[in-house]
Amino acid sequence: MKPKINVALLIVCVIAAFALTQWLDRAAPPRATSLQDGPALAIAARDAAPDFSFTDQRGDNLNLSDFRGKYIILHFWASYCGPCVVEFPDLIKSTAARGKDITLIAVSSDTSESALDAFLLRQKPEVRKMSSAPNIFITRDHKGQITNDLYQTYRLPETIIINADLTIREKIVGATDWSRRIDQIIPPTR
Amino acid sequence: MIVPRIRFISFLFLALMICAGSAMPSLAQAADVDTTYFKAIPVLQDGRVKPLDSFARTELRRFSGKDHIDGKDAADWLAQTLFNPAEATQEKIFRIENANTRHLLGLEERKIPLYAYSELVPGLEKTFPSIEDLVTHPDKNMAEDQKSLLHVHENALEYTRLLRSFSLLLPLDISLSDSWRKKAGLSADEEITYLKLKKIDPDIQDSLKKIIRKKGKDPEKYSDKEQATAMLGWQISTIESAAARNDLLRVIPDRLSKDPDSYLAPWEIVNAGKGSPETARILDMWQDLAVAWQSGDPQKWTAASAKIAGRPSVSIRAELVYNLIQPFFLSTIFYALSFLFVLLFLSLRSVTKFLYPVSLGLLLAALGLQGLGILARITILERPPVGTLYESILFVGWIAPAFALLLEWRVRNRLGILCAGLTGAAIGLLGLSMADEGDSMKVLGAVLNTRFWLATHVLCITIGYGWCLVSSVIAHILLIGQALHKLSPPRQEELRRALDLLALTSLLFTATGTILGGIWADQSWGRFWGWDPKENGALLIVLWLVWIVHGRVSGEFSRLIATMGYAFLSVIVGLAWIGVNLLGVGLHSYGFTEGLFRGLGIFAFIEVALIGYAGWSISQSSRRRLAA
C-alpha cells in the first residue's frame with residue numbers, strides 16, 4: 001500500500017503545484033522587459049518644476065510661479081535652430097487660441113537680443129500680433145541658467161508641459177505639430 | 001593494503017583541489033576608498049536593474065576573464081575607468097589568448113597575455129579596415145583568428161564607451177581665454193567641463209560664422225584668438241561625436257518615463273534630450289563623486305556615493321550578498337569535499353569513522369548554500385530559476401544531490417552521499433565553467449517569460465534530468481562495484497531495486513515535462529511538436545528510458561544490460577541538455593554556448609569506454625563463475 005500512497009501523494013503535489021503557479025501567474029502578469037511599451041508620450045513622475053525669474057518681451061520681470069493655476073508650455077528654442085523656426089508660428093497661433101487655460105513661456109537661447117528681435121520682426125503680421133497675446137511670454141536665456149542648468153535642455157527645440165500646480169506633466173523633444181496636437185497634450189477645460 | 005589506498009586517495013584529493021583551484025575566484029585586496037555604497041548604485045543593463053557591482057564584474061570579466069585585476073576588485077576598477085580614464089587606459093585588462101591576433105595587433109608576447117588599451121590602439125587602427133569587411137560575414141563562416149580579432153575590436157569599442165560615460169562632467173585639458181571664461185561664468189581657477197562649454201557653444205558658433213564670413217575656411221589666415229575660437233568649436237564637436245549613441249552606463253533614473261525601471265546614460269541627457277530638473281540634480285551628485293575620487297578624499301567619496309545609492313531595493317541587496325558569497329562556487333567545493341570524505345570513509349571505515357558525519361555535514365552545507373543561491377536568484381530575477389542553460393545547470397546541480405540524499409535517507413548505505421557529492425561537484429564544475437560568459441542573470445526572451453510554463457515544463461524537465469543523473473551515478477556505482485568485486489550480493493540487490501525506482505521516476509518527470517513542453521510550444525509557436533533539436537533531445541531521454549524499462553520488464557534485457565543502459569543516461573542527458581545547444585539552430589537555441597563540443601565528446605568517449613569495460617569485465621567474471 002505504501003508505494004501506492006506515495007505515488008498518489010506525488011500526483012497530488014504535482015497538481016497542486018500546477019494550480020499554484022497558474023494562480024500566481026494570473027495574479028501577477030509578467031513584467032514587460034521592453035522600455036518602449038506604452039504610448040509614445042510619457043507621463044512624468046509629477047516632479048515640481050523649478051521656479052525661475054525672467055524678463056519678457058514687454059520688459060516685465062516675472063517668475064514661473066506667477067502662472068500657477070494654468071497649464072504652462074515651457075518651450076526652449078532659438079532663432080538659429082531650424083525646426084524651432086518652422087514650428088514657431090504654429091506654436092504661437094495654437095497657444096494664443098487657448099489663452100484661458102494655457103500660458104506659453106518661450107525661452108530663447110539666442111546669443112543677442114538683436115538676433116531675437118530680428119527673428120520676431122521677420123514673422124508674419126498675424127504671428128507678430130499673436131506673440132503679444134496676454135498668455136504668451138518670450139524671453140532670452142543667453143547664459144543658459146534656465147535652459148542648461150535648471151532644465152538640462154541641450155537639444156532644441158524641447159518643450160516641457162507643466163501642470164497648473166507647477167508639477168512637470170511631460171517633456172516633448174523636437175518639433176511638434178501644435179495645431180493638431182495641443183488639445184491631445186493639454187485637453188481643453190470645460 | 002592501506003598504503004596504496006592512501007596513495008590513490010591522495011592523488012584523488014590533489015586532483016579535486018586542482019579542479020577547484022582553477023575555478024577559484026581569488027580575493028581581491030580592499031580598495032583605498034570604501035566602495036560599499038558605490039557598488040549598490042542601481043544601473044540598467046540588458047533589460048535588468050542591477051547593482052553597479054554586478055555591472056563592473058560583468059564588464060571586467062568580458063575584457064580580462066576575471067572579476068578582479070591587479071588585486072583590485074571590479075568596482076574599484078570601474079571607478080577608476082569612469083573618473084580617471086587617462087590612467088585607466090594604462091591598466092592591463094584586455095586578455096588576448098590568440099597568438100595570431102596578438103601578432104596582427106603588433107603586441108609583444110607575454111607570459112600572461114593581458115594588455116592595456118593604450119597598447120592596443122595602434123594595432124586597432126591598423127586592423128580596422130579588415131574588421132569592416134569581417135562584420136558583413138556571418139559568424140559561422142569566420143575562422144578562429146578572425147573571430148578573435150573581431151572580439152578584440154568589439155571589446156575595445158565597449159571599453160571606449162565606458163571610458164567616455166562621464167566625459168561630459170570630467171575636467172577637460174583645454175585652455176580657455178579670459179573672455180570665454182567670463183561668458184561661461186567660470187572663475188579663473190575653475191575646472192572646464194563639456195557641460196560648461198556647451199552653454200557658450202551658441203556664442204562660439206556665432207563667432208566662428210563671423211570669422212568664416214570674414215576670412216574664409218582656411219585657419220592659416222586666422223589670428224591667434226580666432227584660431228583658439230576655431231579650436232574650441234572643434235573640441236566641443238569632437239567630444240560630442242565621440243560620445244554619440246553612448247548609452248552604456250544607464251545610472252540616472254528617468255523621472256519623465258512611466259516605467260519605474262527606466263534609467264538614462266549621462267550622454268543621453270545631451271544627445272537624446274532626456275534632461276530634466278531631476279537629472280540636473282543627479283548629475284551634480286555624480287560630479288561630486290568624480291571630484292571626490294580624483295582628489296582621493298575618502299569621506300567625500302563615501303558621502304557622495306551614499307547619496308547616489310540611496311536606499312537599495314531588496315533585489316539589489318540580495319544581489320550584492322550573492323556576489324560577495326558566490327554560493328555556487330562554495331557549494332561546489334563542499335560537494336567535492338563531501339565526496340572525498342565519504343570515499344575515504346568507505347575505504348578506511350575502521351580507521352576513520354568520523355568522516356561519515358563530516359561528509360554528511362559538508363553535503364548539507366553545500367545543499368543549503370546552493371539552495372540559498374537559487375533563492376537569491378529567484379528574489380533578484382522575480383521568476384523561477386530555470387530560464388537559461390546556466391540556470392538549469394544550477395538547478396539540476398541542486399536537485400540531483402538532494403535526490404541522492406533522499407536515497408541515502410531511505411537505504412543508509414553511504415552510496416547515496418557518494419552519489420550526491422559526485423553529481424554536485426561534477427555539475428557544479430560545469431556550471432562554474434559557464435559562469436564566465438557575461439551576466440548569468442539575464443532577462444528572458446518573451447517566449448520564456450511566462451511564469452506558469454517556466455515553473456511547470458522547465459522545472460519538470462530539469463527535475464527529470466536530476467533523477468536521470470542520479471540513476472546514472474547509481475548504475476555506475478553498481479557496475480564499477482561489481483567489476484571490482486567490492487559490492488556484496490545484498491548490496492547489489494539494494495542498488496538494483498533503487499535503480500528501478502529511480503528510472504521510473506525519471507521517466508515520469510521527463511515524459512510529463514516533454515508533454516508540457518509541447519503544450520507550451522503549441523501556445524507560443526502554434527505547433528505541439530516541430531522536431532526542434534531540444535524537443536528531440538527530450539524525446540531521446542524518454543525513449544531511452546522506455547526502451548530500457550520495457551526491455552527489463554519483458555526479460556529481453558539482462559540485469560547487466562539494463563544497468564549499462566541506465567549508466568549511459570549520463571551521455572543521453574548530456575546530449576539532450578547541452579549537446580543540442582551546440583547546434584545553435586531551432587527555436588530552442590537560446591542557450592547556445594561555445595567551447596563545450598570537445599568536452600562533451602571526451603565525456604561521451606570516456607563513458608562508453610568505462611561502461612563498456614565494466615560490462616565486459618562483469619560478463620567475463622560471470623562466465624568464469626559459471627564455468628567453475
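Colleague: Which helix of chain B gives the most to the positive patch?

Modeller: That is helix H11 of chain B, residues 201–215, which contributes 3 residues. Helices (H or I, at least four residues) and strands (E, at least two) are DSSP runs, numbered from the N terminus. Please note that this is a predicted model, in which local features need pLDDT of at least 70, side-chain atom pairs count only at pLDDT 80 or more, and totals for chains, interfaces and linings use all residues. Residues are numbered from 1 along each chain as written, chains are lettered from A and ligands numbered from 1 in the order written, and side-chain values use heavy atoms, without hydrogens and water.

Colleague: Which residues gather in that patch?

Modeller: B:Lys183, B:Lys209, B:Lys210, B:Arg213 and B:Lys225 form this positively charged surface patch. A patch takes residues with over 30% relative accessible area and no salt bridge, like charges being joined within 9 Å. A salt bridge would be a side-chain nitrogen of Lys or Arg within 4 Å of a carboxyl oxygen of Asp or Glu.

Colleague: Where is B:Lys209 found, and what is its relative accessible area?

Modeller: B:Lys209 is found in helix H11 of chain B. Its relative accessible area is 47%, so it is partly exposed (buried means under 20%, exposed over 50%, partly exposed in between, with a 1.4 Å probe and protein chains only).

Colleague: Now the interior. How many residues of helix H4 of chain B are buried?

Modeller: In H4 (residues 74–83), 10 of the 10 residues are buried, so the helix is largely enclosed by the rest of the structure. Among them are B:Trp77, B:Leu78 and B:Phe83, as well as B:Asp76 and B:Gln80.

Colleague: What does B:Ala56 touch?

Modeller: Leaving out residues up to four places away in sequence, B:Ala56 touches B:Ala74, B:Ala75, B:Trp77 and B:Leu78, a contact being heavy atoms within 4.5 Å. B:Ala56 lies in helix H3 (residues 52–64) of chain B, and it counts as buried because its relative accessibility is 0%.

Colleague: And the chains overall: how many helices and strands are there in chain A and in chain B?

Modeller: Chain A has 6 helices and 7 strands, while chain B has 26 helices and 8 strands. Of the 190 residues of chain A, 44% are buried; of the 628 residues of chain B, 54% are.

How values were computed: Patch = residues over 30% accessible without salt bridge, like charges linked within 9 Å, V, L, I, M, F, W, Y side chains within 5 Å. Areas by Shrake-Rupley, 256 points an atom, 1.4 Å probe, with all protein chains shown as cover. Lys, Arg positive; Asp, Glu negative; His and termini not counted. Charge placed at Lys NZ, Arg CZ, Asp CG, Glu CD.
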